[in-house]
Amino acid sequence: MDKLILGRYIPGNSFVHRLDPRSKLLAMMVFIVVVFWANNVLTNGLMLAFTILAILLSKIPLTFFINGVKPMIGIILFTTLFQVFFTQQGTPLVSFGIIKITDFGLAQALLIFMRFVLIILMSTVLTLTTMPLSLADAVESLLKPFRIFKVPAHEIGLMLSLSLRFVPTLMDDTTRIMNAQRARGVDFGEGSLMQKVKTIIPILIPLFASSFKRADALATAMESRGYQGGDGRSKFRQLDWQLKDSLTLLAFLGLGLLLFFLKTPV
């Protein structure tokens, strides 16, 4: 839990830190779209190189990202296994019963694995180099044109800010509860699958109780300070779009254009 870095912010003065949060958010959206065009070795290599370049420009050690992704590797592998066992196309390599492992299924599983890892790494670059409040301001600013369709831009930005802010807090609460259960003799790694599921219940109940209590305290604090949403509110942090933001966004769009021509036709 201590290595989970999603939602955490590391102060710095790197090129990525100084970018406008709106440009980073738009670049992340472009990246998520174009990553699905990477369907061969060359395009995946380009995406990986681009991601590593973004990590280097953030001046955050690469080992920090690797350690942060490790807790999520199990979930990614579990997802990709479905692609391996239930893809019938291609040349069968191993067959037992109705389940076949084909070369096409393995290739597709590897693609899905790479897409998950690349998206997690790039989104981690976004959250590690952008303060949650700045990210919320960016979301609110980008959603302002949609107010004519009654889209609550400020409320969405506020929810995003609170969600990112309390991800590390929930992880810390989970770690504390698990340590308390271990001190009472609970072993989370032994027993059958049903026994492991049962050991999760003593974690979930106090975690939900702590979360609701924290949410109620936050709501009370906001009301006592006279919080009234986004109408008529001034902002201490002013967003400043500069030339480097435009060039960064153009670089991501250029990557997408390059991948569009290099991808393997389906």
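Q: Are Phe31 and Phe252 buried or exposed?
A: In this predicted model, local features need pLDDT of at least 70 and side-chain atom pairs count only at pLDDT 80 or more, while totals for chains, interfaces and linings use all residues. Residues are numbered from 1 along each chain as its sequence is written, and side-chain values use heavy atoms, with hydrogens and water left out. Buried means under 20% relative accessible area, exposed over 50% and partly exposed in between, with a 1.4 Å probe and protein chains only. By that rule, Phe31 and Phe252 are both buried.

Q: Which kind of aromatic pair do Phe31 and Phe252 form?
A: Rings of Phe, Tyr and Trp (its six-membered ring) pair if their centres lie within 6.5 Å, and planes under 30 degrees apart count as stacked, over 60 as edge-to-face and the rest as tilted. The ring centres of Phe31 and Phe252 are 6.4 Å apart and their planes stand at 75°, so the pair is edge-to-face.

Q: How many residues apart in sequence are the parts that Trp37 and Phe260 tie together?
A: Trp37 and Phe260 form an edge-to-face aromatic pair, with 5.4 Å from centre to centre and 65° between the planes. Because Trp37 lies in the loop between helix 2 and helix 3 whereas Phe260 belongs to helix 9, the parts that they tie together are 223 residues apart.

Q: Is Trp37 buried, partly exposed or exposed?
A: The relative accessibility of Trp37 is 27%. At this value, Trp37 counts as partly exposed.

How values were computed
Helices (H or I, at least four residues) and strands (E, at least two) are DSSP runs, numbered from the N terminus.
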